Amino acid sequence: MSIKLGVPSKGRLMEKTFEWFGSRGVALSRTGSDREYAGAVEGIDGVSLVLLSAGEIPRELAAGRIHLGVTGTDLIREKLVRWDQKVEPLAELGFGHADLILAVPSAWVDVDTLDDLDAAAAAFRSVHGMRMRIATKYHRLVRDYLRAGGVADYRLVDSQGATEGTVANLTAEAVADITSTGETLRANHLKVLTDAPILRSQATLFRSRVAEVSAQEDETMATLCRMLDL
Ligand SMILES: Nc1ncnc2c1ncn2[C@@H]1O[C@H](COP(=O)(O)OP(=O)(O)OP(=O)(O)O)[C@@H](O)[C@H]1O
Ligand SMILES: O=P(O)(O)OC[C@H]1O[C@H](OP(=O)(O)OP(=O)(O)O)[C@H](O)[C@@H]1O
């Protein structure tokens, strides 16, 4: 059997992950046609590549179906309850930086901080007779953050993509989403609250704490960790 390494199957996250491993002597590649999700590992024996959606890597690590996985810290913390009991971060990879933030319409001139948002939420409820809606796919992280910040008068609306568009579409009053350049927020006339972000995320290599490892796999893992300077 081999050590299973889960890596994002497409886009910049996949390319940068391949570069990161490649520069350490572990060559990862996709094999077959452009659309076939098969991969190869060269430079070390006993490691197999599993190409997965970045969003599924946390669950695969927590189920022990892969031994190692690269994904964003945001996805690990959102998708795994008590994440630190299930996975161990081995290395921050220095790319895929993004902040999980709360943003409101730029036209809300009185709202710049979480305290302002709390006041606006209470006012919104008394004027509109319903709770202010915050669109996000990060339900757990946003709830925990707002609870800690003392904001209670809101309702989360699920948005799995194009979240910044929900305000113009009148399905939410505010959003909580990942941003890196801030361009998507600006283009959608939204501004970030000035408080610290909900989470600063980057691509990280995680080890499953639950995946079973044979003696031979344990040796392979040690060799791999040496090659990766871990
Ligand atoms: N604009 C961005 N800049 C940098 N990193 C980003 C950006 N948007 C998302 N990310 C990061 O990339 C990772 C993957 O995000 P995403 O949610 O798009 O993956 P996914 O759910 O696997 O996508 P898909 O379902 O399309 O395969 C996350 O950790 C996220 O923080
Ligand atoms: O700050 P920026 O550099 O503008 O990047 C932020 C955008 O990138 C991500 O979206 P993605 O492209 O992954 O699509 P999604 O909306 O489907 O999640 C994120 O959800 C933001 O929408």
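Analyst: Let's begin with the pieces. Helices (H or I, at least four residues) and strands (E, at least two) are DSSP runs, numbered from the N terminus. By that rule, T73 is found in helix α3, which covers residues 73–79. Some ground rules too: this is a predicted model, where local features need pLDDT of at least 70 and side-chain atom pairs count only at pLDDT 80 or more, while totals for chains, interfaces and linings use all residues. Residues are numbered from 1 along each chain as its sequence is written, and chains are lettered from A and ligands numbered from 1 in the order in which they are written.

User: How many helices and strands does the protein chain have?

Analyst: The protein chain has 8 helices and 13 strands. Its C-alpha atoms fill a box of roughly 65 × 35 × 25 Å along the principal axes.

User: Back to T73: is it buried or exposed?

Analyst: We count neighbours: a residue is buried if 20 or more other C-beta atoms lie within 10 Å of its own, exposed if 12 or fewer, and partly exposed in between, with C-beta atoms placed from the backbone. T73 has 21 C-beta neighbours inside 10 Å, so it counts as buried. Across the 230 residues of the protein chain, 35% are buried.

User: What does T73 touch, beyond its neighbours in sequence?

Analyst: Two residues are in contact if their C-beta atoms, placed from the backbone, lie within 7 Å. Leaving out residues up to four places away in sequence, T73 touches S201, Q202 and T204. Take Q202: it sits 129 residues from T73 in sequence, yet the C-alpha atoms of the two are 5.9 Å apart. For the protein chain, 67% of the contacts between residues at least 6 apart in sequence join residues at least 24 apart.

User: How do I read a sheet, and what is the strand order here?

Analyst: Strands of a sheet pair through backbone hydrogen bonds, either parallel or antiparallel. In our bookkeeping, two strands pair if DSSP finds at least two bridges between them. Here, 5 strands form an open sheet with mixed pairing, in the order β4-β1-β5-β13-β6. β4 (47–52) and β6 (87–92) are the edges: each has a single partner strand, so one side of each is left without a neighbour in the sheet. From one strand to the next, the twist averages 30°. As an example of pairing, β1 (residues 3–8) and β4 run parallel and are joined by 6 bridges. L5 has L49 in β4 as its bridge partner.

User: Which strands does helix α1 touch?

Analyst: For directions, axes are lines fitted to C-alpha atoms, for helices over the stretch in contact, and angles run from 0 to 180 degrees between N-to-C directions. Helix α1 (residues 11–22) packs on the sheet and touches β1, β5 (68–72) and β13 (203–208), at about 135° to β1. Helix α8 (residues 215–227) lies across β1 and β4, at about 50° to β1.

User: And what is a nonpolar core?

Analyst: In soluble globular proteins, nonpolar side chains tend to be buried together. A nonpolar core is a set of buried Ala, Val, Leu, Ile, Met, Phe, Trp, Tyr and Cys residues joined through C-beta atoms within 7 Å. The largest one here has 28 residues, and I134, A174, V175, A176 and I198 touch the most other members. Its largest share, 5 residues, comes from β7. Another core, of 26 residues, lies apart from it and includes I3, L52, A62 and L224.

User: Which residues are closest to ligand 1?

Analyst: A residue is near a molecule if its C-beta atom, placed from the backbone, lies within 6 Å of it. Ligand 1 is surrounded by 13 residues, and S53, A54, G55, G72 and S180 are the closest. β5 and α3 each give two or more residues to this shell. Around ligand 2, the shell includes D177, S180 and E183, and β10 gives the largest share, 3 residues.

User: Last one: where is L170, and what is its phi?

Analyst: L170 is in the loop between β9 (154–158) and β10. Its phi is near 65°, a positive value in a residue other than glycine. L170 is exposed, with 8 other C-beta atoms within 10 Å.
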